[in-house]
Structures are given as structure tokens and as C-alpha cells.
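Reader: I would like to go through this fold with you. Could we begin with the overall layout and then work inward?

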Amino acid sequence: MYVLYTTTYPLKSTLDAAKKFIEAAKNPPPDYINQIGVYVAYGGKGIKGYALFEIEEGREDEGIKEIAKRLTIYYDVEGYEITSDVVLSAEEAIPLLGLEM
């Protein structure tokens, strides 16, 4: 399972968010969670962040709870908002339409 987390925060909170990221990076996720990448961009009224994780099959519930727990470090960053989406790769999604790759 792939989970994409999208975060936003105002420019004035960039330094606080970066410090939290450095702190969180010191404690990598457990082996059943593969952090594929973390990306940032300017967007809207500030910064948009994207973090893509792959959770080992059979450990999805445990993985989502673990990631959610790890994200609590950002809760005191002013204006910080987060959404999560379960996403499929194109290779996973196309067969759902009855098509073959």
C-alpha cells in the first residue's frame, strides 16, 4: 500500500517545520515502512510538502498508525495542515479498468 501525505504551512513557519523534519529524520521508520521520498514546493500561501510511503502488505493498519504517530511532532508548527491519501501506482490502477499494461 502506498500512502501520500500532503502538508501545507505558511512561509513564516518554514524554519520551525525544517527543524522538526531534522529531528524526525533522526528516527527512521520501522522496516515494514519504506519512505520513498519527501519533497517540498512553494504553493498557495506558503510551503507544500509531500511524503510518499510504501507499507508492507499485511501491516497496513500498523503502518498507518505508526506514520500518524510520527507526524505528531509537527502539531505545534503554526498553520501546519496535513492530509493523507491511499494511492495506487498506474500499474495497479489500470487493471481496475479492465485494461492491460
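Layout of the chain

Author: Read along the sequence, this predicted model follows the pattern β-α-β-β-α-β-α.

Reader: How many helices and strands does the protein chain have?
Author: The order along the protein chain is β-α-β-β-α-β-α. Counted by type, that gives three helices and four strands.

Reader: What does the C-alpha trace span along its principal axes?
Author: The protein chain has 101 residues. Along the principal axes, its C-alpha trace spans about 45 × 30 × 15 Å.

Reader: What share of contacts between residues at least 6 apart joins residues at least 24 apart?
Author: Take isoleucine 55 and aspartate 31 as a pair 24 residues apart along the chain; their C-alpha atoms are separated by 9.2 Å. Now take contacts in the whole protein chain between residues at least 6 apart in sequence. The share that joins residues at least 24 apart is 72%.

Reader: Which residues lie nearest the centre of the largest pocket?
Author: The largest pocket holds about 540 Å³ of space. Its lining is made of 29 residues. Nearest the centre lie Phe21, Ala24, Val38, Leu71 and Tyr74.

Reader: Which elements give two or more residues to the lining of the largest pocket?
Author: By residue type, the lining divides into 21 nonpolar, five polar and three charged. Both helices and strands contribute two or more residues: E1 (2–10), H1 (14–25), E2 (33–43), E3 (46–55) and H2 (60–71).

Reader: Why does the end-to-end distance of H2 agree with its number of residues?
Author: H2 has 12 residues, and at 1.5 Å a residue they should span 16 Å. The distance between its end C-alpha atoms agrees with that, at 17 Å.

Reader: Within what arc do the buried residues of H2 fall, seen down its axis?
Author: The buried residues in H2 are Gly63, Glu66, Ile67 and Leu71. They line one face of the helix, because seen down the axis they fall within an arc of 135°.

Reader: What covers the buried residues of H2, and which residues on its other side are exposed?
Author: The cover over the buried residues includes E1, E2, E3 and E4 (81–87). On the other side of H2, the exposed residues are Asp61, Lys65 and Lys69.

Reader: Does lysine 20 count as buried or exposed?
Author: Lysine 20 sits in helix H1. Leaving out residues up to four places away in sequence, lysine 20 touches Ile73, Tyr74, Asp76 and Val77. The cut-off for buried is under 20% relative accessible area. At 19%, lysine 20 therefore counts as buried.

Reader: Which residues are in contact with serine 13, leaving aside neighbours within four places in sequence?
Author: Serine 13 lies in the loop between E1 and H1. Its relative accessible area is 1%, so serine 13 is buried. With those neighbours left aside, its contacts are Val77 and Glu78.

Reader: Which residues does isoleucine 55 touch, not counting those up to four places away in sequence?
Author: Isoleucine 55 belongs to strand E3. With a relative accessible area of 1%, isoleucine 55 is buried. The residues touched are Met1, Val3, Tyr32, Glu60, Gly63, Ile64 and Ile67.

Reader: Is alanine 93 buried, partly exposed or exposed?
Author: Alanine 93 is in helix H3, residues 90–93. Buried means under 20% relative accessible area and exposed means over 50%. Alanine 93 has 27%, so the class is partly exposed.

Reader: How far apart in space are alanine 93 and glutamate 54, C-alpha to C-alpha?
Author: Along the sequence, alanine 93 and glutamate 54 are 39 residues apart. In space, their C-alpha separation is 16 Å.

Note on methods. Residues are numbered from 1 along each chain as its sequence is written. This is a predicted model: local features need pLDDT of at least 70, side-chain atom pairs count only at pLDDT 80 or more; totals for chains, interfaces and linings use all residues. Side-chain values use heavy atoms; hydrogens and water are left out. On a 1 Å grid over the protein atoms alone, a cavity is a set of points where a 1.4 Å probe fits but cannot get out, and a pocket is an open set with protein on both sides within 12 Å along at least five of seven lines; lining residues have an atom within 4 Å of a point. Grid points are joined across faces, edges and corners, and a volume is the space filled by probe spheres set on the points. Ala, Val, Leu, Ile, Met, Phe, Trp, Tyr, Cys and Pro count as nonpolar, Asp, Glu, Lys and Arg as charged, and the others, Gly among them, as polar. The expected span of a helix is 1.5 Å times one less than its number of residues. Buried means under 20% relative accessible area, exposed over 50%, partly exposed in between (1.4 Å probe, protein chains only). The arc is that of the directions from the helix axis to the C-beta atoms. Contact means heavy atoms within 4.5 Å.
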